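Please read it alongside the sequence and coordinates.

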Amino acid sequence: MSGTIVHDVNRDGSRDGGEPGLGTIPVIATLFGPDGVPGTTDDVSYSTVTADDGSWSFADISAGNYVIEIDPSGVPHGLSEVSFSTRTVYLPPGSEMRILDAGLVGTSELSNVVFDDLNQNGAQDGQETGVPDLSITARWFGPDSLDGTADDAVYSAVTDAQGAWGIQQIPAGTYAVTIDSATLPSGLSGTPSVTTAVAPNATAKVVLPVSSSASVLAFTGGGALNLVLVGLVLLLTGSGAIHVAGSWRRRAIG
Ligand SMILES: [Ca+2]
Ligand SMILES: [Ca+2]
Ligand SMILES: [Ca+2]
């Protein structure tokens, strides 16, 4: 008897191309026993964990009726079953049985509202409207918690008319969240990428600053901070002096 546990990235209950197998997921097969009734003392349980590719198998087990289940206490990343559930199968004598792929989805959520933060205070004030039709991607770092490796999974959302977006049923862990700059209206500047963590059964509000004010990047990037410093220096040199590290230095003006 064998099967595969996969990460159901698009949460449709079946395995699609590119959806990775999940390792170390505990699978239990319980034989009903001679009395043919599940949950009685003559039941025989077999347990295993999935290999790195998500596959599992039980070899040389008796024929009969089995309950196949995933032990939820051993499933990491806040994942839970979407298409597997507990199932009962009959294993005929001398046969092999392939159990359908089982998909797991997460119990976490990322969401928020993207708005034109005109006064750049990080809060949505009265005149600041949501930005619709932005493509947002959230890349999960995957079971290995490392960015950019093969087990990463990418989720996406589009902001609605009020700038709201949400991605549900995703694993707990670390995400890089990005607004696709190609979908930003002209005149709006945004952040390159925000890294955020979310716990099982939790919602993380991800702040993705966007502003039509030219100096928005002062919030988010070292390069922009330098721009601000250059501006400050120019302002101060205009008065003939620069205040550096607590001391005044004279500077000749050409
Ligand atoms: Ca799927
Ligand atoms: Ca604001
Ligand atoms: Ca990874």
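1. Is Y90 buried, partly exposed or exposed? In this predicted model, Y90 has a relative accessible area of 47%.

2. Y90 belongs to strand 7, which spans residues 87-91. Beyond four places in sequence, the contacts of Y90 are G64, N65 and M97. For G64, which is 26 residues away along the chain, the C-alpha separation from Y90 is 5.5 Å.

3. The largest nonpolar core comprises 25 residues, and those touching the most other members are L110, V114, W165, Y175, V177 and L208. At least two residues of this core come from each of strand 10 (135-140), strand 11 (153-158), strand 12 (164-170), strand 13 (173-179) and strand 15 (194-198). Another core, lying apart from this one, has 20 residues, including M1, I25, V27 and A29.

4. With residues up to four places away in sequence not counted, V177 touches L110, I136, T137, A138, W165, S193, V194, T196, V206 and L208.

5. An open sheet of 3 strands has the order 12-9-16, with mixed pairing. Strand 12 and strand 16 (203-205) each have a single partner strand, so one side of each lacks a neighbour in the sheet. Ignoring direction, neighbouring strands of this sheet are turned by 15° against each other on average.

6. Strand 9 (residues 108-113) and strand 12 run antiparallel and are joined by 5 bridges. N112 has W165 of strand 12 as its bridge partner; W165 is also one of the core residues listed in point 3.

Definitions and conventions:
Residues numbered from 1 in each chain as written. Chains lettered and ligands numbered in written order. Predicted model: local features only at pLDDT ≥ 70, side-chain atom pairs only at ≥ 80, totals over all residues. Heavy atoms only, no water. Helix = DSSP H or I, 4+ residues; strand = E, 2+ residues; numbered from the N terminus. Buried < 20%, exposed > 50% of the residue type's maximum accessible area, 1.4 Å probe, protein only. Contact = heavy atoms within 4.5 Å. Core = buried A, V, L, I, M, F, W, Y, C linked by side-chain atoms within 4.5 Å. Pairing = 2+ DSSP bridges. Axes fitted to C-alpha atoms, helices over the stretch in contact; angles between N-to-C directions.
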